[in-house]
Amino acid sequence: MECIQYGLLEILINNMNWKQKYGEMGSRNKKTGKLNNYIVTRTHNNGVDSFECSCPATMYRPWLQACKHIKRLKEKLLLP
Ligand SMILES: [Zn+2]
């Protein structure tokens with residue numbers, strides 16, 4: 001049995017800066033039939049948000065600013 005959580009997993013707050021971790025659903029692996037799941041980390045530093053994802057998309061395609069998980073999370077958070 002797999003136990004996977006989606007949505008907000010963790011918040012770390014350090015003064016005015018904070019970090020949030022979200023679980024994002026990935027695509028299904030065609031070979032194993034399992035879902036790939038990724039953690040998107042949102043870092044808020046001095047009023048600036050930056051996003052990082054645990055998926056390999058930006059590793060294969062370093063020109064990508066954000067993978068689809070980051071885009072999806074931004075949509076959920078109603079961010080530009
Ligand atoms: Zn991703």
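Predicted model: local features only at pLDDT ≥ 70, side-chain atom pairs only at ≥ 80, totals over all residues.

Reader: What is the phi of Leu78 like?
Author: It is positive, near 55°, and Leu78 is a residue other than glycine. Most residues other than glycine have a negative phi.

Reader: Let's zoom out. How many helices and strands are in the chain?
Author: Two helices and four strands. Along the sequence the pattern reads β-β-β-β-α-α.

Reader: What are the spans of the C-alpha trace?
Author: About 45 × 35 × 20 Å along the principal axes of the chain.

Reader: And what share of the residues is buried?
Author: Of the 80 residues, 12% count as buried.

Reader: Now the strands. In what order do they sit in the sheet?
Author: The order is β1-β2-β3-β4, in an open sheet with antiparallel pairing. The edge strands are β1, residues 7–14, and β4, residues 48–53. Each of these two pairs on one side only.

Reader: How are neighbouring strands turned against each other?
Author: By 20° on average, with direction ignored.

Reader: What holds strands together in general?
Author: Strands of a sheet pair through backbone hydrogen bonds, either parallel or antiparallel.

Reader: How many bridges join β1 to β2?
Author: Seven, and the two strands run antiparallel. β2 covers residues 17–28. Gly7 has Gly23 in β2 as its bridge partner. For Asn14, the partner in β2 is Asn17.

Reader: What lies between β1 and β2?
Author: Two residues, and the strands form a hairpin. Asn15 is in that turn.

Reader: What is the phi of Asn15?
Author: It is positive, about 55°, although Asn15 is not a glycine.

Reader: Is Asn15 buried or exposed?
Author: Exposed, because 5 other C-beta atoms lie within 10 Å of Asn15.

Reader: Next pair. How many bridges do β2 and β3 have?
Author: Nine, in the antiparallel sense.

Reader: Is Leu12 buried or exposed?
Author: Leu12 counts as exposed, because it has 11 C-beta neighbours inside 10 Å.

Reader: How far apart are Leu12 and Thr43?
Author: They are 31 residues apart in sequence, and 9.4 Å apart in space from C-alpha to C-alpha.

Reader: Which residues of α2 are buried?
Author: His69, Ile70 and Leu73. They are on the same side of α2, because they cover an arc of only 100° around the axis.

Reader: Why would residues a few places apart in a helix point the same way?
Author: An α-helix has 3.6 residues a turn, so residues three or four places apart point the same way.

Reader: What do the buried residues of α2 pack against?
Author: Against β2, β3 and β4.

Reader: Which residues make up the largest nonpolar core?
Author: Seven residues do: Tyr22, Val40, Phe51, Cys53, Cys67, Ile70 and Leu73. The elements giving two or more residues to this core are β4 and α2.

Reader: Pick Phe51. What is it in contact with?
Author: With Val40, Arg42, Ala66 and Ile70, leaving aside neighbours within four places in sequence.

Reader: What do nonpolar side chains tend to do in general?
Author: In soluble globular proteins, they tend to be buried together.

Key: Residues numbered from 1 in each chain as written. Pairing = 2+ DSSP bridges. Axes fitted to C-alpha atoms, helices over the stretch in contact; angles between N-to-C directions. Core = buried A, V, L, I, M, F, W, Y, C linked by C-beta atoms within 7 Å. Buried ≥ 20, exposed ≤ 12 C-beta atoms within 10 Å, placed from the backbone. Contact = placed C-beta atoms within 7 Å. Arc of directions from axis to C-beta.
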